[in-house]
Amino acid sequence: MTHRIGIVGYLNAHPLTGRLDREAFEVIEGHPSVVAGHLAAGRVDVALCPVAAVLTDDTYKVVPGWCIGSEGPVTSVLLVSETPIEQWTKVVLDGVSRTSVVLATLLLTQGPLAKQVRDGLQSVEGAPGSGVEAAKGTVAAVVIGDVARELPERLGHRIDLAEAWKAWTGLPFVFAVWAGRPGLDDGLITAIRQAGERGTSAIEADYEGDDLRYVRDSLRYVLDDRALMGLRRFAALAFRAGLVGREDVDLFAPTESYRPRENVDALLEKALAGRRLERDEALA
């Protein structure tokens, strides 16, 4: 049976998804909320899924290695308005991504933005993709994805949510991860990890201009210890605020085929003999 993979169609996901084998796997594309729905309904086996969606189901596990994140300004997940934050009367939380909605809510109620907004600020959820149109007068909105990089000039007041998170916590923010349920095929996990390694290694060759600066400088793809610290901090804060259903994430164990175990004694003997080690041998 062909494995099904859910992906988002944004530029920020392309380094992780562009080198998936479309002949070996059925790849289904959609907005973040749609992809999360596919995973929840079992229409895909694994998905590049918004973190908040992962935190709604305690059976999900995260594929280690790669994520869509940022450490500082991300430029594509914004609170936007025509007026300064002190004048806002309402914020429309665009339903295209639950993660961005939860992050904005935390920043506005507990984080650094809470001291800037007026008392009684109303927050309402909007239809997916409605943010730009909804942001008028004293109404602000969450806008994400490629559209956030091409905003009309009237929306001159812009708050980068990843930048605000970094200022608040000192940690990277993780927007999306590869997630599935226990029992996910090891070969599928390996294929996803290897596609991410190939795609992120080729960023300089694959992109140019503003797109290159965006994926290279604004985004952080490695799901390393710092990224996991940021993810777990977000999970804990959101859980305590009653915004998600679980306060931590579990990871799939790395598959043996991704990086086979080396005979370290033999490698040490090779190095002591003055022979050159390959990159993977040196890492081992």
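Two strands are said to pair if DSSP finds at least two bridges between them, while helices (H or I, at least four residues) and strands (E, at least two) are DSSP runs numbered from the N terminus. The model is predicted, so that local features need pLDDT of at least 70 and side-chain atom pairs count only at pLDDT 80 or more, whereas totals for chains, interfaces and linings use all residues. Residues are numbered from 1 along each chain as its sequence is written, and side-chain values use heavy atoms, with hydrogens and water left out.

**The sheet around S8**

- An open sheet is formed by 5 strands in the order S7-S6-S8-S5-S9, with mixed pairing; its edge strands are S7 (122-126) and S9, each of which pairs on one side only.
- From one strand to the next, the twist of this sheet averages 25°, where axes are lines fitted to C-alpha atoms (for helices over the stretch in contact) and angles run from 0 to 180 degrees between N-to-C directions.
- Strand S6 (residues 90-94) pairs with strand S8 (residues 139-144) in the parallel sense over 3 bridges; Val 92 has Ala 141 as its bridge partner in S8, and Val 91 stands opposite Ala 140 in S8.
- Because 6 of the 6 residues of S8 are buried, S8 is largely enclosed by the rest of the structure; buried means under 20% relative accessible area, exposed over 50%, and partly exposed in between (1.4 Å probe, protein chains only).
- In a regular strand the side chains alternate between the two faces of the sheet.
- Both faces of S8 are covered, with Val 139, Ala 141 and Val 143 buried on one side and Ala 140, Val 142 and Ile 144 buried on the other.
- Helix H4 lies across S5, S6, S7 and S8, and runs at about 155° to S6.

**Strand S4 and Ser 70**

- Strand S4 is mostly covered, as 9 of its 10 residues are buried; S4 is joined to S10 by 6 bridges, the two strands running antiparallel, and S4 also pairs with strand S11 (residues 220-223) in the antiparallel sense over 3 bridges.
- The bridge partner of Gly 65 in S11 is Leu 223, and the bridge partner of Ser 70 in S10 is Phe 173.
- Which strand holds Ser 70? Ser 70 lies in S4, which covers residues 61-70, and Ser 70 counts as buried because its relative accessibility is 1%.
- The side chain of Ser 70 reaches the backbone oxygen of Ser 218 at 2.9 Å, and a polar atom of this side chain also lies 2.9 Å from the backbone oxygen of Gly 72; a polar contact is a pair of N or O atoms within 3.5 Å, and within protein one must be able to donate a hydrogen and the other to accept it, with residues adjacent in sequence counting only if both atoms are side-chain atoms.
- Leaving aside residues up to four places away in sequence, Ser 70 touches Ala 162, Pro 172, Phe 173, Phe 175, Ser 218 and Arg 220, where contact means heavy atoms within 4.5 Å.

**Helix H6**

- In helix H6 (residues 161-169), the buried residues are Leu 161, Ala 162, Ala 164, Trp 165 and Thr 169. They cover an arc of only 160° around the axis, which puts them on the same side of H6; the arc is that of the directions from the helix axis to the C-beta atoms.
- These buried residues of H6 pack against S4, strand S5 (77-81), helix H4 (98-109), strand S9 (157-160), strand S10 (173-180) and helix H10 (225-240).
- At the start of H6, a side-chain oxygen of Asp 160 comes to within 3.1 Å of the backbone nitrogen of Ala 162, and H6 is followed by Gly 170, whose phi is positive, near 75°.

**The whole chain**

- The protein contains 12 helices and 11 strands, and of its 284 residues, 50% count as buried.
- Among contacts between residues at least 6 apart in sequence, 77% join residues at least 24 apart.
- The C-alpha atoms fill a box of roughly 70 × 40 × 35 Å, taken along the principal axes.
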